[in-house]
Amino acid sequence: MFHSFRQAMAWLHTWFGLVLGFVLMAAFFFGALSVFDREIDRWAIPATRFEPQPMPSFEKVLRPAFERLQPPPEMVEAMRPRVDGPMPERFDRIAYWSAYTTHRDPVLAIYAGWEVPGARNPDEQLYAVGTIDPRDGTPLPDDRLKIGSGFFFPLHYGLTLDWKNLGIWIVGFSALVMLAALVSGVVMHRKLFRELFTFRPGKARLRSALDLHNLTGVVALPFHFFFAFTGLVIFSATYYFPLGHTQLHELHELHEQHEAAALGLPHGRSGVPAGLANVDAMVGEAQRRWEARGMAGDVGFLVLQHVGDANGYVSVYRAGTDRIALVGQGIHFKADTGALLREDPPATPVARVAEFLTGLHLQHFRHWLLRWLYVFGGLMGAVCIATGFVFFVEKRKRQHARVGSQGVRIVDALAVTTVTGMVLAALGILVANRLLPEALPGRGDWERFAFWGTWALALVHAGWRSAPVARGLPNPAWREQCWAIAVLALAAAVLNWITTGDHLLRTLAAGYWPVAGLDLALLAVAAIAAAAGHRLGRRAEAAARIGAHGGEAAHA
Amino acid sequence: MPEPQIAHGWLLLGAMLACAAGMAWLALAMDVHARQVWGRGLAPAMAKGLRVLGALALAAGLWLCLLADHPTMAVLVWVMALAVGALAVALLLAWRARWLRALAPWVRRAA
Amino acid sequence: MSATPVPASHPRLRIAARTGAAVLGGYAFTWGFIAACTALAVKLGMDFHDAEFLASALGLLLFLAVFLGTVASRRGALLLWGVLLGGGALLAAAGSLLQASIA
């Protein structure tokens, strides 16, 4: 189909980049925001603005909280048709209780799963999530949308399009296209090292857009490649290539049984009821063992399997705060006696690589500089894609104007929507979060509506203002949305002050960085957007003046 | 054994600066950028010297990163520091090229 | 070297066929590769989850290479579909055979 490899790569880069670029912008931008997802949660849910806590005592805090958990009524109802016999009033055949925490979590998420007696598929379970204050176990309302970890984060890997996991598939495909775009980009660019530092903002817009596109793509090339690749790897076995649950199901089962037998960690319930020994003592023992191995640490993950059954066991995992791996060094105890069952041996080389690649992407480590460098990388990716759109439009604007085509106008409007529109949507949800009444039922749904509504408005505005593009001129929507960003970002920070009293001077003085950091970021966004809007305005005025003087074509 | 917070901060600052300086020296060793900064190209020996200096600085940056953190994290910090350094140098070359003269004060600019 | 003759030109159809081969054919081929690779690794003694991870990581890189190669290839789309679907099926079959020999 193509004359040369290079030509094929150029075609691929341009057209797949254009179509999937819209999805990739969202993945990179919301991925960058997700680096500080828990901090955004603190800003959005003022009741949780306290210091991160270590994993609390099981006996004093977690146990009562777990015992209170029951599956939500809607889930029970949804499963009824797949169960023979009545659904129990209270579910107590506990499959697991678990709690996970990191050094950035003030509140604790707890999870429970239950087996359902009479279920046609014995593997189908009911489950529930709860949020508690780890200092005393008070349940916190679950109806507050965690804008960071509960919205921006799922948005970046699945566009919150949950129907048949369609969003996850779309983002997955766009990640593959990202990898293809990086390779094809290198093939097209060729002078990778010679032009590494080349950025000529003074030149024609087409050239400087391309320079910036190359610059942001190349300097962070390892970052872009690794994040797209590790993102795919993380979801591969569960979503994209689920061989373990399909074609290789037998091998998977064999492994489960083998592991249960060899390691003494029972796969299923025995049916014989048993008690639960002191879990705090088990945790203490685990911490002693880690320290003996020269890796003293906090508890990151606590799991209790088959609670109340003779086969029950408790697993304590160390938080990977000081390294890339998420959690590790699991130590397992028999639930009814507290006896040590097994201490996980050091990971195999392949498992170590898997831990590294997963931990690299999911970042549960404590390293504030690296976190900010990740945000930098994510924003570089977003700029790379955005300048790609700008280059595409600039290159074709004049040709399309001459032949009267509307094609490039549509692309430009979509580009505005994806770049400035996306930022506006993110700001829209934060502003709505502060403006909506605290006790509003379905508050989270309203916040989500504010997000999508703002984005839709940006699309309409971009389309409505895009007529000049069909004449070869810039779309004024870029400038106008920059100003809108400046206003909304400032409004969000001010609203935080008005509605919670946590203004910058107070949060900075107290050193409460989750809120201070987000407020500072909002102010920085406002300043940058205002500067950009101003610059674009001046350029438009200059072009209008040149245009008014004898109709010469504006030199971009 | 965790480094005290302050020492950790200094090591990382040193690493970021070393990577930025290294990138700058590598850029200055290139003819097109030497012209941007000094108005003239450099003698091959001088360019080579700057390349060596640049490489040493990048290596020093990696070493500082390894002193600061567990190797799995140190490598990531270093790779990202290289990215930041390269971007900073590119932006300086575009808007304030003359500032980079300070990194090789022994070079005389074009008459 | 001439490309396999293509029916009288519908460029959109050609692009669709080529893209389809790269995406869907590539997916099928990768599935087969992961099946064969996972089963082989388990047969050679590797832990299942390790094998699955290794095969997936290699498989994704393979998918990338196949995707690029299919787009750039001078061969006709029909041949590419054939090779990718056929190859994928063969690899998948190999995977299932290996699984049967272990389980």
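Q: In E2(A), what is the bridge partner of A:Ser98?
A: A:Tyr111. This is a predicted model: local features need pLDDT of at least 70, side-chain atom pairs count only at pLDDT 80 or more, and totals for chains, interfaces and linings use all residues. Residues are numbered from 1 along each chain as its sequence is written, with chains lettered from A and ligands numbered from 1 in the order in which they are written.

Q: In which sense do E1(A) and E2(A) pair?
A: Antiparallel, over six bridges. Strand E2 of chain A covers residues 108-115. Strands are DSSP runs of E, at least two residues, and helices are runs of H or I, at least four, numbered from the N terminus. Two strands pair if DSSP finds at least two bridges between them.

Q: And over how many bridges do E1(A) and E4(A) pair?
A: Five, again antiparallel. E4(A) spans residues 299-305. There, A:Leu304 is the bridge partner of A:Trp97.

Q: Why is E1(A) largely enclosed?
A: Because five of its seven residues, 94-100, are buried. Buried means 20 or more other C-beta atoms within 10 Å of a residue's own; exposed means 12 or fewer, partly exposed in between, with C-beta atoms placed from the backbone.

Q: Switching to chain B. How many helices and strands?
A: Four helices and zero strands, running α-α-α-α from the N terminus.

Q: What box do its C-alpha atoms fill?
A: Roughly 55 × 25 × 20 Å, along the principal axes. Of the 111 residues of chain B, 43% count as buried.
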